[in-house]
Amino acid sequence: MGVGILASRAIRPASRLLRSQTSNLSLRTIVSKPELQSPEAAAASQPAEPPKNQILPPRNPVGGARVHFANPEDAIEVFVDGYAVKVPKGFTVLQACEVAGVDIPRFCYHSRLSIAGNCRMCLVEVEKSPKPVASCAMPALPGMKIKTDTPIAKKAREGVMEFLLMNHPLDCPICDQGGECDLQDQSMAFGSDRGRFTEMKRSVVDKNLGPLVKTVMTRCIQCTRCVRFASEVAGVQDLGMLGRGSGEEIGTYVEKLMTSELSGNVIDICPVGALTSKPFAFKARNWELKGTETIDVSDAVGSNIRVDSRGPEVMRIIPRLNEDINEEWISDKTRFSYDGLKRQRLSDPMIRDSDGRFKAVSWRDALAVVGDIIHQVKSDEIVGIAGQLSDAESMMVLKDFVNRMGSDNVWCEGTAVGVDADLRYSYLMNTSISGLENADLFLLVGTQPRVEAAMVNARICKTVRASNAKVAYIGPPADFNYDCKHLGTGPDTLKEIAEGRHPFCSALKNAKNPAIIVGAGLFNRTDKDAILSTVESIAQANNVVRPDWNGLNYLLLYAAQAAALDLGLIQQSAKALESAKFVYLMGADDVDVDKIPKDAFVVYQGHHGDKAVYRANVILPASAFTEKEGTYENTEGFTQQTVPAVPTVGDARDDWKIVRALSEVSGVNLPYNSIEGVRSRIKSVAPNLVHTDEREPAAFGPSLKPECKETMSTTPFKPVVENFYMTNAITRASKIMAQCSAVLLKK
């Protein structure tokens, strides 16, 4: 082969490379929109603003927002794209634009967090201002003329978006945020069609925040929403901003996990795919899911949620806005315990054989066995216990059934012997959850809201931050995420306050709106009447209860508790369970099965094979809260309903239907065949339970209660919730909650 041929072959690739480079360079020419190359000239060519006397058609505020003027004299008028709107003093330009019906793009701004003003995506043009202003941080001033759609504002947003995308990876096909990503939406709406950045993109090491939140920190745009949420709402200083310039990144100052019980909410507020759900990773796209608006039953708050399902499986749970209850946050237990709905489920009726093994049978055979046994025992030896996840309809039917069998022994978990349910004020949160924001002093008695009701604790934390409210606590040592003064561990401290001998009395007396929160765990103490009477005497002596303010509150533990007390499911005798011969457990898993006599016949009706199943003689499979329509009342007396999101598992049935069928087999027909009939029966017992999405406050206060003659014991208060992540049958069956217990509760 000649040297000339070799030389030509060596030269050809080089010439090809040179040509490709020059062609690439020529393709890099940026073609922008003509009006953006000279904004001033384009602005001059824009049509003139409509004359002042011309009436423009009204616009609807963004998201149906309503503006409340506490003082009409504080209203100021601003002009947004020529439209005059009135807003209260203190509103920002961004809020004024929303009232005018203009949605301003933003990444760092969040209505429930402090203003950071560091993403610059919300730039607008303000008349007489030399350059675009950040609308989220600029207060609206009287007569201000705001322009949101001018070439200058558009070019500013394009520039900001170009900088944001400069280091953002092209992960959209594999990113879990795809389809519900603010960066995707806003780059389509406000970004340019190309970028000028040709250098290497930076990358950031992922952080380990625990088993719940997955991090891909290279996608982070440093909006600091998660940092502000952690410190302002969750009350933990776990996240922060490290470094400067291109080395800036979000993380923990030392290698640690995010230990908040609200940590999952950073997934919702993250505008990009930097923080996503670790259990939900690569499971589904949001357009594949069917959303069902329902409520949560893991605690007594009744948080509003949306259950996203695909086919028969619950894929994820996310919060739904409700300003009066959970705002737009939910606890980690609410959000991540959904995988427990598909584990350890009971799908068929079963009867225990003579050899101790369970055998699947038909519904007819299972109900026939139970119907035969129940007639072989005395009426006062029949006991019915409703579980903490039971709905009002099933508890009403169970009570009617047990009463028709001649027994009064029917109660709900968490309501001990002799709990006073005659006056509703004695077991409800009378201030209401949102009303806690008006309090300036809190006295927590035997309750740890952080693990008993995380959303109530978030309200207290919000109030402490907003108004510097004082918080005092009587109970065992506990970890609070706000400043809290520990007064003592038991009834002795309560007695000192009641007698006016404690230093805290002066603060209580001087408070304008004091709030006392009593934990429902005290209901299980033998001296509960004396304790509650002492608390009520403190309330009356310190102006806690008055016509314009009711600060005496009881924080319940379970979703079924308030409705059970309204319906009268109260334990009459302490020895009822120990002398029972027929025990009907309707989802009751926290009952002390050792107290049940060896010769008693136990029927377990529920949706999970939990603790009580091992003692059962007959198992009747029931529907979980995501599979049925049921009524629940939360700790403040607000009535809500669950909506079925997925089909039932196997041969399971709704709780009230099972008890209704059993009543027919047992020969004591209940007079209703539909859920409407059951609700008609509930209306005659507790009318407030049929007024859905309404809160019925208690009509009377402590003044009607007779004086208590009992004395308090000196036994200190004990914690009620040992493990925040394991409180009911669903959470105990959840693999995710088991991981949280193992990792996050490790001392």
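Biologist: Which residue in S28 stands opposite Glu633?

Modeller: Keep in mind that this model is predicted. Strand S27 covers residues 630–633 and runs antiparallel to S28, with 4 bridges joining the two. The residue opposite Glu633 is Thr639.

Biologist: Which residue in the turn between S27 and S28 has a positive phi?

Modeller: S27 and S28 form a hairpin, and 4 residues lie between them. In that turn, a positive phi of about 90° belongs to Gly637.

Biologist: Which residue in S29 stands opposite Phe638?

Modeller: S28 also pairs with strand S29, residues 694–695, in the antiparallel sense. That pairing has 2 bridges. Opposite Phe638 stands Arg695.

Biologist: How many residues of S28 are buried?

Modeller: S28 spans residues 638–642 and is mostly covered. A residue is called buried when its relative accessible area is under 20%. Of the 5 residues in S28, the number buried is 4.

Biologist: Why do the buried residues of H6 line one face of the helix?

Modeller: Helix H6 covers residues 182–190, and its buried residues are Leu183, Gln186 and Ser187. Looking down the axis of H6, these residues line one face because they fall within an arc of 105°.

Biologist: Which residues are exposed on the other side of H6, and which helix is included in what covers its buried residues?

Modeller: On the other side of H6, the exposed residues are Met188 and Ala189. The cover over the buried residues of H6 includes a helix spanning 151–166, namely H5.

Key:
Residues numbered from 1 in each chain as written. Predicted model: local features only at pLDDT ≥ 70, side-chain atom pairs only at ≥ 80, totals over all residues. Heavy atoms only, no water. Buried < 20%, exposed > 50% of the residue type's maximum accessible area, 1.4 Å probe, protein only. Arc of directions from axis to C-beta. Contact = heavy atoms within 4.5 Å. Pairing = 2+ DSSP bridges.
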